[in-house]
Amino acid sequence: MENVEFEWDESKNILNQEKHGVSFYEAQFAFFDKNRLIAEDKQHSATEQRFYCFGLNQTKTGILTVRFTYRLNKIRIFGAGYWRKGKKIYEQANTIY
């Protein structure tokens, strides 16, 4: 993921920070977690494929859930937060029995 580019709408970034306390800049770090999970967001994929990234934030301790799509070889972030459901999915997938 060395040459990955990210983009977002700055007004959505500000709203996301106000609502969830997470900037889209911060959300990028979830993609660099070697144990991250990517899942399709089938509920919001009407006009384009959308996805979730569940990954550990490297700047804080916590599992981020990031909603995104791929556009013109860039990852476009729509939303991000520290949501219990995303944390549970991540922890279940990364538990070693």
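Student: Which residue in E4 is the bridge partner of Tyr 52?

Tutor: As a general idea, strands of a sheet pair through backbone hydrogen bonds, either parallel or antiparallel. In this structure, the bridge partner of Tyr 52 in E4 is Arg 67, and six bridges join E3 to E4, which run antiparallel. Two strands are said to pair if DSSP finds at least two bridges between them, and the labels refer to DSSP runs numbered from the N terminus, with helices (H or I) of at least four residues and strands (E) of at least two.

Student: Before going on, what should I know about how this model was read?

Tutor: This is a predicted model, in which local features need pLDDT of at least 70 and side-chain atom pairs count only at pLDDT 80 or more, while totals for chains, interfaces and linings use all residues. Residues are numbered from 1 along each chain as its sequence is written, and side-chain values use heavy atoms, with hydrogens and water left out.

Student: In what order do the five strands form the sheet?

Tutor: The sheet is open and mixed in its pairing, with the order E1-E5-E4-E3-E2. Strand E1 (6-8) and strand E2 (37-40) are the edge strands, each pairing on one side only. On average, neighbouring strands of this sheet are turned by 35° against each other, direction ignored; axes here are lines fitted to C-alpha atoms, for helices over the stretch in contact, and angles run from 0 to 180 degrees between N-to-C directions.

Student: How many bridges join E2 to strand E3?

Tutor: Four bridges connect E2 with strand E3, which covers residues 51-56, and the two run antiparallel. Within this pair, Ala 39 stands opposite Tyr 52 in E3.

Student: What joins E4 to E5, and how many residues lie between them?

Tutor: Seven bridges join E4 to E5, which run antiparallel, and one of the opposite pairs is Thr 65 with Gly 81 in E5. The two strands form a hairpin with two residues between them.

Student: Is Leu 72 buried or exposed, and what about Asn 73?

Tutor: Buried means under 20% relative accessible area and exposed over 50%, with partly exposed in between (1.4 Å probe, protein chains only). Leu 72 counts as exposed because its relative accessibility is 83%, and Asn 73 counts as exposed because its value is 81%.

Student: How many salt bridges does the structure hold?

Tutor: A salt bridge is a side-chain nitrogen of Lys or Arg within 4 Å of a carboxyl oxygen of Asp or Glu, and the structure holds six. Among them, the side chains of Glu 7 and Lys 74 meet at 3.9 Å, N to O, and this pair links distant parts of the chain, with Glu 7 in strand E1 and Lys 74 in strand E5, 67 residues apart. Glu 7 is partly exposed at 22%, as is Lys 74 at 28%. Both belong to a network of salt bridges that links Glu 5, Glu 7, Lys 74 and Arg 76.

Student: Where do Arg 71 and Glu 48 lie?

Tutor: Their side chains meet in a salt bridge of 2.8 Å, N to O, and the pair again links distant parts of the chain, with Arg 71 in strand E4 and Glu 48 in the loop between E2 and E3, 23 residues apart. In helix H3, Glu 91 and Lys 87 also form a salt bridge, at 3.7 Å, N to O; because these two are four residues apart in the helix, about one helical turn separates them.
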